[in-house]
Number of protein chains: 2
Amino acid sequence: MADLDTLYAHIEEHAADYVEKLREVVAIPSVSSDATLRPKVHEMGLWLQAELERLGAETKLHYPGTHVMDGEELELPPIVLGTYGTDESKKTVLVYGHYDVQPASLSDGWTSDPFTLTELDNGRMVGRGSTDDKGPVLGWLWVVEAHQQLGIDLPVNLKFCFEGMEENGSEGLDEMIVAEADGYFANVDAVCISDNYWLGTSKPCITFGLRGVSAFALTVTGPGWDLHSGVYGGTLHEPMTDLIHLMGTLVKPNGEILIPGIMDNVADLTEEEEALYDVLDFDVSELEAAAGAQTLIHDDKKQTIMHRWRYPSLSLHGIEGAFSGQGVKTVIPAKVMGKFSIRTVPNQTPDEIAEKVKAHLEAEFEKLGSKNTMHVEALHGGKCWVGDLNHPNFKAGTRATEKVYGVTPDFTREGGSIPVTLTFQDALGKSVLLLPMGRADDGAHSINEKLDKSNYLNGIKLLATYLHELAAETDL
Amino acid sequence: MADLDTLYAHIEEHAADYVEKLREVVAIPSVSSDATLRPKVHEMGLWLQAELERLGAETKLHYPGTHVMDGEELELPPIVLGTYGTDESKKTVLVYGHYDVQPASLSDGWTSDPFTLTELDNGRMVGRGSTDDKGPVLGWLWVVEAHQQLGIDLPVNLKFCFEGMEENGSEGLDEMIVAEADGYFANVDAVCISDNYWLGTSKPCITFGLRGVSAFALTVTGPGWDLHSGVYGGTLHEPMTDLIHLMGTLVKPNGEILIPGIMDNVADLTEEEEALYDVLDFDVSELEAAAGAQTLIHDDKKQTIMHRWRYPSLSLHGIEGAFSGQGVKTVIPAKVMGKFSIRTVPNQTPDEIAEKVKAHLEAEFEKLGSKNTMHVEALHGGKCWVGDLNHPNFKAGTRATEKVYGVTPDFTREGGSIPVTLTFQDALGKSVLLLPMGRADDGAHSINEKLDKSNYLNGIKLLATYLHELAAETDL
């Protein structure tokens, strides 16, 4: 393996350059959900293409087409593809990131202009996109550049895939990945995504699991139109009454899901997995602070984390068609749709969940003895994902983290989903590693988003080391 | 008693005049909820004042002030007061009606211009306000006019109270009634309101009861802000889950209210009252047609009517603060407010209902074991009203109906409320009679509102006869 210390020293020496480049891209307000800023998203994509070209990568822009936003037809920004190295003796690693950002404005409460990278005394670099995801995306570039400047051979071939619509539905991405699985992505051996965060603020982590989500609309229909509760109240079956009773049969206030058989396929907790929770850099007070309330269901950290990551949960989101304004309107709504979703875990599948939800609600509706009609619709089902910690891709990420940070990383999952993870895994049939650069408190979608300078520099070292560790893996 | 047959013949002879006058007022689009038409409401009030003056009444306009609607400060239309006769040997009857109307436009589906009275071959006179409430208001004027033209002494003194904001909250009316109870209304012996409808389409009725309404907002608060269900689902107590469970403890799908003690004060069903239901001109298919669905809870007419009129009902209207849009948003709402109301009946009181609702919800929330916080707010409580059918005012109305129509009227209640009824009763301490002119299918707030010509003419006879019958009552 190459001399990593030389690499690390080089990275530290060039810190100022890396910060300047980050400043340059933070200044491009590539907000994908703002039609007026769409040209800036395109500009940011072309900036990345130019940098990749400068570093000797062969690039290609994939334009997914147009979409309509705020009544305007807009050109979707390009997915920037790049190939760096085609040495058949080397492994090929696909790295994914996104160059678009969340909206931001001073009036939201930022303490400095969100599109001006502002360095604070404590090492924080504040600016929109600093951690999500421009810092990590640039990190990959500096890994290549550092190797070139030091004359160290990059031990793997790289494929880049940087999109500009991640914060706005990733339109066109999945289709492209599936279409190019046997084309542009044919030689990929492993995938690495750096677009998430440490569990806490002091210990790095490797993320190996994401929950899936199955969303439902439960409709109860009765009268032909909304009715006056004074005139009709007491005479007919009210859809809202039925719906509220049905929604009440889904989940208990303590979070227990009441759908028969729903837990049947939840993977058993192994000793190996359980041991992971004991060492986590995590305190429930951080979760309470982030939620703005001390209303946690479980008293201890371990149960809380397990219910966030490895057990399903069911949330009731709201009701369409009922009165939702201020004050009171004495209406009997004619048709109401309850919306809820279940966060799913291995080995639950969307089809299985949809079947059990429907069977349960049909049985419960039968019990109500109502003359209204009920319909359950499965809206969308994103599968859960769990990577294999024993896979060489994860082993490489783990060893890289240990080398850079001197500690064994936390092995974490996340409660939400990063859909592209599963798309890559399913379309390419390769292991996907989530290797974060930033910390839990970076505020990715909030005001005063930041990336700690130490996380930026150590993150660049981490990505570089990961590539070397992966190259050393013989079983990939 | 005067020669009613002469009076009736006179009314029939002047039918064309009465229709022309109705055409004249329907043509004034006095829509109280449309700021651009507010001048027309004022015009309609002045039209009535002029007619009352023409008939020799002493009039007075009470201007309640201004209000803000659609961001505009508007002058409230006048409450037109009139005194006709001050003979101390006669009884004084207060008649109430309103001269404003609901909005209407051809584009809503009217088959003719809503503000042009259109006579159909079947005797229907179609036009906005024809039955609600310009027809009945004009009816009182023609009673006075007919007596003058025939030289028949009007057997009572009249006080008129015609308002122009009934369809828009009756702003300023209650305050005026209370303030003038011992002033302008001091000598009133009985009150008559003609602003409701027969139960069906063929048999007249006398209305002696209205349900009250007690509305509530049930708030559950948890997180400091809305949360992502992927990140937090399973870890904390979700306000929506608590709220749905609490709302589910209020009422069963069959309409049974589950609040302990809620039925304690509901008046017992007497044989006398029960007998009233057996003879009603009512078929449940009419209710089904009006509701647009065959979802009635009770199989028979009597139970259906009783649950509409004389038993309380509880309707769940909706939820504020939850997701209410189309599609799905995987949110954990931080603060949700369930809105519901109870239609109340004798001898329930708003205070008693509020107390029982709160006690019930607090006990149920306790059972949930949730760390969220709950708050119940009683939004407004309108009392129910039941008149005494044995009171001379009702006896007079009953005999008048029998004389004009040749049948004993149905004795009906209504499920909704006409708040001014109770205001008059409470402020003046006098009996209030609801004596309808139109039919159940008049479509008061719908398209193609109509008044049958026969109902108009017989209604004028009815109002006249009622005054004579009331004058003949010795026990008033």
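A few conventions before we start. Residues are numbered from 1 along each chain as its sequence is written, while chains are lettered from A and ligands numbered from 1 in the order in which they are written. Because this is a predicted model, local features need pLDDT of at least 70 and side-chain atom pairs count only at pLDDT 80 or more, whereas totals for chains, interfaces and linings use all residues; side-chain values use heavy atoms, with hydrogens and water left out.

Let me take chain A on its own. Chain A is divided into domain 1, covering 4–210 + 385–472, and domain 2, covering 212–266 + 311–382, with bounds that come from an automatic or database domain assignment. The C-alpha centres of these two domains of chain A lie 39 Å apart. Six residues of domain 1 of chain A are in contact with four residues of domain 2 of chain A, where contact means heavy atoms within 4.5 Å. Between them the two domains of chain A bury about 320 Å², 52% of it on carbon and sulfur atoms; buried area here is the accessible area, taken with a 1.4 Å probe, that two parts lose on being put together, summed over both. The count of salt bridges between domain 1 and domain 2 of chain A is zero, a salt bridge being a side-chain nitrogen of Lys or Arg within 4 Å of a carboxyl oxygen of Asp or Glu.

Now to the pair of chains. Chain A can be laid on chain B with an RMSD of 0.1 Å by a turn of 180° and a shift of 0.1 Å along the axis, the superposition being by least squares on the C-alpha atoms of residues with pLDDT of at least 70 in both copies. The two copies are therefore related as by a two-fold rotation axis. Which residue of chain A comes closest to the rotation axis? That residue is I244(A), with its C-alpha at 3.0 Å.

Where the chains meet, 75 residues of chain A are in contact with 75 residues of chain B, and the area buried between chain A and chain B is about 5,800 Å², of which carbon and sulfur atoms give 57%. Across this interface of chain A and chain B the rule finds zero salt bridges. The largest share of the side of chain A that touches chain B, eight residues, comes from strand β13 (residues 313–320) of chain A; strands are DSSP runs of E, at least two residues long, and helices are runs of H or I, at least four long, numbered from the N terminus.

Strand β13 also takes part in a link within chain A. The side chains of K339(A) and E320(A) meet in a salt bridge at 2.6 Å, N to O. K339(A) lies in strand β15 (residues 335–344) and E320(A) in strand β13 of chain A, so the pair ties together parts that are 19 residues apart in sequence.

Finally, the backbone. Most residues other than glycine have a negative phi, and most peptide bonds are trans. A cis peptide bond, however, joins P346(A) and N347(A), with omega about 5°, and N347(A) is found in the loop between β15 and α11 (350–368) of chain A. In chain B, the peptide bond from P346(B) to N347(B) is cis, with omega near 5°. S170(B), in the loop between β8 (156–163) and α5 (173–180) of chain B, has a positive phi near 50°.
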